Amino acid sequence: MDLVRAQETRRILDRLVGYTVSPLLWRKIAPRLSAGRVQSVAVRLLVLRERERRAFVIGQYWDLKALLNKRPDQPAHRFDATLVSVGDKRVATGRDFDETTGQIAANKRKDVLLLNQQEAETLRNRLLKSAWSVTDLDEKDAQRSPYAPFTTSTLQQEANRKLGWSAKDTMRVAQDLYENGYITYMRTDSVNLSEQAINAARRRIRELYGEEFLSSSPRHYQTKTANAQEAHEAIRPAGEQMRTADELPLDGRERALYDLIWKRTIASQMANARLRLVTATISVADATFKASGRTVLFAGFFRAYVEGSDDPDAALESQEQPLPPLTVGEPLDCRELDAVGHETKPPARYTDATLVKALEAEGIGRPSTYATIIDTIQERGYCFKARKELVPTFTAFAVTTLMEQHFEELVDLKFTANMEQKLDDIAAGQVNYLTYLREFYLGPEGLERDVRTRESEIDARLASTVELGNLNAEVRIGQFGPFVAKEENGERLTASLPKDLAPADLTDELVEQLLHGKTDGPVVLGNDPKTALPVLLKIGPFGPYVQLGEDDGGKKKPKRSSLLKGMTPDTVGIDVALALLNLPRDLGEHPETGKPVQAGVGRYGPFVVHDGIFANLKAGDDVLTIELGRALELFAEKASGARGKGRGAAATKSVLKELGEHPDGGAVQVLAGRYGPYVNHGGVNVTLPKEMKPETVTLEMALPWLAEKAAKGPVKKSASRRKTSTSAASNGGAETKATKTKSASTRSAKAKSGSTTAVGKKPATKKTASKSAATNTASATSKSTAKK
């Protein structure tokens with residue numbers, strides 16, 4: 001009965017908070033809002049992160065990236081190295097910056113060297129004249145242990161990362177699997193497996209992977225979550241057989257989630273993975289560079305499961321980023337040396353996975369309720385999803401500010417976690433539930449009295465105003481949603497705010513566009529030569545867009561297209577507008593399939609597509625001007641896994657035939673590609689004719705093909721791309737804390753004949769979800785209703 005009382009107390013607390021505070025929000029901010037014991041804390045976490053992003057100031061810094069090679073020059077002997085120090089000073093990185101100023105933190109200014117573009121290029125030119133050599137090697141072996149079996153929260157987190165599912169979707173599918181007898185109960189905090197499950201998992205490991213992949217003894221895991229409820233074992237495949245997804249009548253989402261659970265369960269009883277980590281220190285003049293490599297000595301549990309990846313074999317391959325064999329004192333050749341610019345990035349917004357992890361870490365709520373909480377705060381209009389990110393709304397800002405100022409304890413992380421502890425004490429029979437409820441609600445400092453006394457102190461106008469700090473306008477929550485207001489020449493201008501606009505992204509420039517776009521009306525840019533219809537530049541709830549023809553009030557809407565990222569209304573003319581309205585556009589036919597290749601803009605930004613295969617454009621690529629040749633390069637890079645892998649990954653490509661040494665140096669090979677075999681030498685690729693078999697190709701046949709391809713030069717690029725393209729190959733995984741741009745400097749050392757055509761790596765830019773401004777001009781009505 002103590003457990004029953006604890007559960008009843010939890011329900012009563014939720015209703016006391018909701019029914020008492022929600023009506024106050026209706027009267028002070030807007031109708032149909034709600035508050036909740038856990039819901040309001042979750043919203044506050046989102047708002048706190050968005051405040052950090054709004055206060056964030058971008059910092060810029062430069063360093064050098066070198067492409068080195070061990071002698072003799074071979075593709076497998078090439079590797080990247082990054083500048084780490086000059087003289088006795090460490091070169092600045094993103095973690096050295098103060099996020100609120102965009103400058104080097106005061107306590108680090110004496111210890112680090114901040115390079116600008118000119119200084120980086122001057123240093124580059126000086127180092128090109130010096131000799132490079134290895135001065136130190138640090139080699140160590142490391143082990144990685146398998147992860148514990150799934151709990152409710154870790155299953156939600158991993159399904160979000162690997163499958164892109166929301167917590168709600170994950171629990172719905174898990175419920176179906178449980179009800180049909182395929183998995184154990186899916187609401188649990190426990191990471192323990194029964195002896196039946198452990199024995200079954202170990203038996204399947206022997207059968208599928210071999211004895212060497214089995215841990216030396218059964219693994220038992222301990223729950224680290226505060227106040228964990230462990231009445232059930234971890235989530236695992238049901239029964240004693242540990243059947244794979246292929247052995248069950250499952251398909252679609254059920255199959256995907258079951259396979260995830262099976263792999264995690266099996267991996268939990270496998271042997272550790274063993275890695276060898278190598279760090280090389282390279283010196284040149286007074287500068288020091290570092291290069292890192294990683295080799296998998298024994299895959300262990302990696303063979304079955306790698307967290308964050310749904311393909312263990314592919315993920316295992318990505319773990320391999322070896323350096324060539326090096327020795328201290330060994331001279332190296334510098335093939336390329338680039339000055340690379342970076343920008344610091346603001347803190348990442350929460351996703352379903354990271355919010356669940358944060359709530360669990362703070363001991364707030366129960367894992368079984370997380371899916372409902374995330375779903376509720378979206379339905380109530382406190383956040384929306386952009387890509388996988390949970391973006392708080394302006395309404396969330398207003399409600400959170402009111403709660404912080406007048407009911408701080410209800411949104412305080414520690415207070416809410418302590419409340420969970422009290423509920424556990426009730427479950428353990430240590431606290432009387434009625435005594436606790438009376439004190440919480442009716443006590444001298446109880447909730448009922450607090451709301452009654454503080455309501456008169458709350459000014460409704462101030463409560464509905466959103467304080468953003470660095471904005472020369474007023475943001476308020478009105479009857480029909482958030483709006484911006486500003487006084488100009490004695491007149492008060494107002495405009496509704498786009499429903500998918502993040503508070504951190506609202507700037508003075510955007511305010512001017514919204515206010516004057518509403519008052520000035522659409523701008524006529526010209527007429528379409530094909531239809532003679534006017535081309536209009538308009539501003540809607542989701543930002544500026546172009547439109548072909550006037551609205552006639554009929555069912556058929558005019559063709560519309562949002563402006564691309566970085567475009568502003570004052571820079572859009574008739575030519576650009578027509579190009580936008582022409583998206584998606586045909587680039588031509590693929591040389592191997594004969595099917596069309598198109599360029600367009602989707603939810604995740606500009607892309608090229610062929611036969612259902614999409615590849616995102618990189619920085620420097622322009623969706624309005626990209627050509628077929630560049631699109632084929634992007635498809636090839638995606639197929640070969642060029643993104644996210646270092647140059648060492650070149651050695652892992654499937655080599656069909658070694659043809660020999662090129663007269664100008666370097667190996668000539670026949671490689672397996674996404675669209676068939678091709679001949680490769682350095683940066684030059686030539687696709688084999690369909691009727692030709694790889695084993696019949698000879699060096700004598702390949703040399704004229706390569707020379708002809710090299711003579712054509714690199715694929716024509718847009719002006720912005722030519723300015724930033726400087727590197728001959730991918731420089732490794734995309735940076736996590738910086739956005740790269742490369743200076744338009746020349747190469748330090750190229751192949752003797754120039755037959756290796758440099759195709760530069762474009763700077764990685766921050767991706768944002770591109771929601772069509774044109775198709776979402778109608779305002780959406782709120783679905784939120786207060787729970788009665």
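Predicted model: local features only at pLDDT ≥ 70, side-chain atom pairs only at ≥ 80, totals over all residues.

Residues are numbered from 1 along each chain as its sequence is written, and side-chain values use heavy atoms, with hydrogens and water left out.

Helix H7 covers residues 252–267; helices here are DSSP runs of H or I of at least four residues, strands are E runs of at least two, and both are numbered from the N terminus. From first to last C-alpha, H7 reaches 23 Å, close to the 22 Å expected, that is, 1.5 Å times one less than its number of residues. Its buried residues include Leu257, Trp262 and Thr265, where buried means under 20% relative accessible area with a 1.4 Å probe, protein chains only.

Ser268 lies in the loop between H7 and strand S6. Its relative accessible area is 0%, so Ser268 is buried. Among the residues that Ser268 touches are Pro146, Tyr147 and Arg219, contact being heavy atoms within 4.5 Å.

Finally, the rings. Ring pairs, with centres within 6.5 Å, link Tyr147, Phe301, Phe302 and Tyr305 into a cluster. Arg253 lies over the face of Trp165, at 4.5 Å from the ring centre; the rule requires NZ of Lys or CZ of Arg within 6 Å of the centre and within 35 degrees of the ring normal.

Notes: Buried < 20%, exposed > 50% of the residue type's maximum accessible area, 1.4 Å probe, protein only. Phe/Tyr/Trp six-rings, centres within 6.5 Å; stacked < 30°, edge-to-face > 60°. Lists of a residue's contacts leave out its neighbours within four places in sequence.
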